[in-house]
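User: I have a structure open on my screen and would like to talk it through with you. Could you take me around it step by step?

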Number of protein chains: 2
Amino acid sequence: MRAAAQGRLDRLTKPVGALGLLESIAAQVCAIQSTLMPAVRRPVALVFAADHGVATRGVSAYPREVTLQMVANFLGGGAAISVLARRQGMPLWIVDAGVDGDCAVHPQLIDAKIRRGTRDFLEMPAMTAAECRESLWRGREALERVRGDGNTVVFGEMGIGNTASAALLMHGISGHPLDECIGRGTGLDDAGLARKRSLLATAIERRAPPSDALELLTEFGGYEIAMLVGAILAAAARRMLVMIDGFTVTVAAALAARIEPAVIDYCVFGHASAEFGHPALLRYLGVRPLLDLGMRLGEGSGAAVALPTVGAALALFTDMATFEGAGVSERSRC
Amino acid sequence: MRAAAQGRLDRLTKPVGALGLLESIAAQVCAIQSTLMPAVRRPVALVFAADHGVATRGVSAYPREVTLQMVANFLGGGAAISVLARRQGMPLWIVDAGVDGDCAVHPQLIDAKIRRGTRDFLEMPAMTAAECRESLWRGREALERVRGDGNTVVFGEMGIGNTASAALLMHGISGHPLDECIGRGTGLDDAGLARKRSLLATAIERRAPPSDALELLTEFGGYEIAMLVGAILAAAARRMLVMIDGFTVTVAAALAARIEPAVIDYCVFGHASAEFGHPALLRYLGVRPLLDLGMRLGEGSGAAVALPTVGAALALFTDMATFEGAGVSERSRC
């Protein structure tokens with residue numbers, strides 16, 4: 001299907017390759033959807049939120065209660081992902097994967113809470129093995145519940161402290177030196193970053209990162225990250241186009257790909273985040289992000305900003321004229 | 001206005017600066033539109049097409065008749081810019097600035113033809129001084145004719161051989177070494193690129209590039225490029241948001257800025273093209289492009305692909321909740 005798509009791309013009225021990355025995206029979506037008429041149909045945004053035991057140690061510039069407050073903001077329509085989803089007519093679903101507090105009942109909120117935040121991985125495993133498997137399963141269930149007849153899902157996350165967790169997971173998956181996996185998250189200053197580095201170094205002294213994806217998640221993961229892994233696996237199994245957001249969602253994609261390598265073929269990486277480890281993680285996965293806007297917000301915001309560019313790539317693929325159709329001369333053999 | 005916009009950006013429910021380049025774009029459009037409720041309203045796409053005397057020398061991978069054929073393709077709806085404009089509900093206007101052939105009459109075609117292509121600048125000035133001034137004027141007229149009550153214009157161009165002209169103009173404006181201004185255009189191979197370099201070196205032996213923008217255009221310009229300069233000046237004077245496309249349109253923006261430096265404040269640079277000189281030209285202008293997708297098609301396609309991202313930046317600015325409004329805790333002083 002990719003070859004057939006490339007054949008069409010090379011007959012469109014433009015120099016070969018002149019649409020750059022938009023051509024690869026179109027060919028990829030043709031392969032995902034097994035068609036030469038690819039389209040983004042009824043996309044949904046699915047954002048997983050949870051708290052982290054380690055957040056009380058001061059690994060974030062924001063207090064832990066912000067996770068709960070932001071869930072209310074997502075549902076109230078005032079967060080970045082709320083605005084972006086509304087603008088694109090895309091339903092936004094929020095999953096309480098393990099928020100430390102009671103989220104008010106709301107029709108777009110899915111209660112999948114495992115526990116009020118993970119345990120502090122500086123002292124013990126962040127979750128039990130059973131909680132990890134349950135999280136994967138609930139991620140899958142959430143995806144099944146919201147997908148409807150859509151063929152595209154935008155994944156996001158919220159969780160104060162979760163770039164600390166994601167940094168350890170990236171270190172465990174990729175083998176990159178730990179410090180190269182650690183960034184400023186929501187905006188740590190130099191002293192805060194030094195503290196985060198020092199704390200995370202302590203975490204891997206307690207327990208060297210296991211190579212198995214589930215064991216790694218159990219030790220250092222978050223409930224929202226584990227549910228993302230399950231949801232990404234489920235979306236790929238449904239042959240959906242999977243829009244990956246920034247650092248934390250990309251870590252979840254890397255874990256999903258460790259479990260099922262073919263998952264990557266279904267993922268479009270929306271943007272390169274300004275979070276320090278993200279570009280290296282994208283290189284490790286061998287993928288190229290669509291946008292590079294210096295965003296570092298999470299919530300699925302980068303993936304949502306990128307989605308219209310995917311739509312443009314598919315419209316160009318399906319709607320442009322071919323050289324023979326438009327009576328345009330092809331390049332001379334020079 | 002920029003300071004007021006930045007004040008609002010810093011109160012939105014996100015870490016300070018977390019929307020990256022989208023924040024600068026929002027602040028810029030607030031300044032352009034003198035409002036804290038910025039919006040893209042009824043955008044139009046305006047594409048100038050013309051032929052180049054030098055095209056018969058083999059500076060392009062495509063034959064010269066493709067300019068005329070592509071004008072028909074633009075108007076017939078099959079070109080990349082046609083698809084992108086339609087997708088965004090954006091009227092597409094094509095200006096015949098100097099195509100070597102008769103464009104069929106069409107309601108979206110503006111006949112502003114100066115001549116059937118410029119003269120060959122290897123032998124003589126590409127145009128007369130009177131033609132150059134007339135082109136600037138007709139560019140202004142075209143903008144006035146199509147803008148309606150819209151506040152945004154996407155500029156594009158078409159002209160086989162015009163990256164050769166644009167390279168000489170970039171060299172003249174920026175002082176960058178000529179070879180660093182020359183790229184493969186629609187897809188020259190190594191031998192073709194060597195030939196283009198050698199021919200353009202000959203051109204500046206005939207006449208050293210003048211430093212005056214109009215004299216430079218007269219020597220080495222194209223009618224579509226000169227009309228773009230006039231249209232960009234007029235759009236900035238109307239306080240419109242000016243979406244700049246790739247290499248050739250950016251050269252026109254640089255020339256417009258040489259005439260009126262404030263023009264740059266009205267320009268959003270849609271993308272970094274894969275054409276060799278473009279990133280250096282953007283650095284010379286001190287601007288950062290929104291997208292970097294490896295596109296190298298022209299027609300306004302890169303600017304049109306970027307426009308929804310500008311729309312997203314403005315929607316986030318106007319529609320996101322503030323910390324106080326949403327009851328979200330601001331960052332701790334850590």
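This is a predicted model: local features need pLDDT of at least 70, side-chain atom pairs count only at pLDDT 80 or more; totals for chains, interfaces and linings use all residues.

User: Okay, how is chain A laid on chain B, by what turn and what shift?

Analyst: Chain A can be laid on chain B by a turn of 180° with a shift of 0.0 Å along the axis, and the RMSD is then 0.0 Å. The two copies are thus related as by a two-fold rotation axis.

User: And which residue of chain A comes closest to that rotation axis?

Analyst: That is L291(A), whose C-alpha lies 3.1 Å from the axis.

User: Through what surface do the copies meet?

Analyst: They meet through the same surface, because 100% of the interface residues of chain A are also interface residues in chain B.

User: Switching to the sheet in chain B, what is the strand order?

Analyst: Chain B has an open sheet of 6 strands in the order β3-β2-β1-β4-β5-β6, and the pairing is parallel. At the edges are β3 (109–111) and β6 (267–269) of chain B, each of which pairs on one side only. On average, neighbouring strands of this sheet are turned by 25° against each other, with direction ignored.

User: Over how many bridges do β1 and β4 of chain B pair?

Analyst: Strand β1 (residues 44–50) and strand β4 (residues 152–158) of chain B pair over 6 bridges, in the parallel sense. Within that pair, F48(B) of the one strand stands opposite E157(B) in β4(B).

User: Now the helices. At what angle do α6 and α10 of chain B pack?

Analyst: Helix α6 (residues 162–174) and helix α10 (residues 247–259) of chain B pack at about 35°, and their axes are 9 Å apart. The crossing in which α6(B) passes α10(B) is left-handed.

User: Which residues meet there?

Analyst: From α6(B), the residues N162(B), T163(B), A166(B), A167(B), L169(B), M170(B) and I173(B) take part, and they meet F247(B), T248(B), V251(B), A254(B), L255(B) and R258(B) of α10(B). Sorted by class, this contact of α6(B) with α10(B) has 9 nonpolar, 3 polar and 1 charged residues.

User: What about α8 in chain B, is that helix mostly covered or mostly open?

Analyst: Helix α8 (residues 213–220) of chain B is mostly covered, with 6 of its 8 residues buried. The buried ones in α8(B) are A213(B), L216(B), L217(B), T218(B), E219(B) and F220(B).

User: Where is R288(B), and what is it in contact with?

Analyst: R288(B) is in the loop between α11 (278–285) and α12 (301–319) of chain B, and it counts as partly exposed because its relative accessibility is 47%. Leaving aside neighbours within four places in sequence, R288(B) is in contact with D292(A), L293(A) and G294(A) of chain A, and with L21(B) and F269(B) of chain B.

User: Last one: is T322(A) buried or exposed?

Analyst: T322(A) counts as buried, because its relative accessibility is 15% and buried means under 20%. The residue is in the loop between α12 (301–319) and α13 (323–326) of chain A. Not counting residues up to four places away in sequence, T322(A) touches R8(A), R11(A), L12(A) and T13(A). By contrast, T322(A) and W93(A) are 229 residues apart in sequence and 40 Å apart in space, C-alpha to C-alpha.

Terms used. Residues are numbered from 1 along each chain as its sequence is written. Chains are lettered from A and ligands numbered from 1 in the order in which they are written. Side-chain values use heavy atoms; hydrogens and water are left out. Copies are superposed by least squares on the C-alpha atoms of residues with pLDDT of at least 70 in both. Contact means heavy atoms within 4.5 Å. Two strands pair if DSSP finds at least two bridges between them. Helices (H or I, at least four residues) and strands (E, at least two) are DSSP runs, numbered from the N terminus. Axes are lines fitted to C-alpha atoms, for helices over the stretch in contact, and angles run from 0 to 180 degrees between N-to-C directions. A crossing is left-handed if the near helix is turned anticlockwise from the far one by less than a right angle, and right-handed if clockwise. Ala, Val, Leu, Ile, Met, Phe, Trp, Tyr, Cys and Pro count as nonpolar, Asp, Glu, Lys and Arg as charged, and the others, Gly among them, as polar. Buried means under 20% relative accessible area, exposed over 50%, partly exposed in between (1.4 Å probe, protein chains only).
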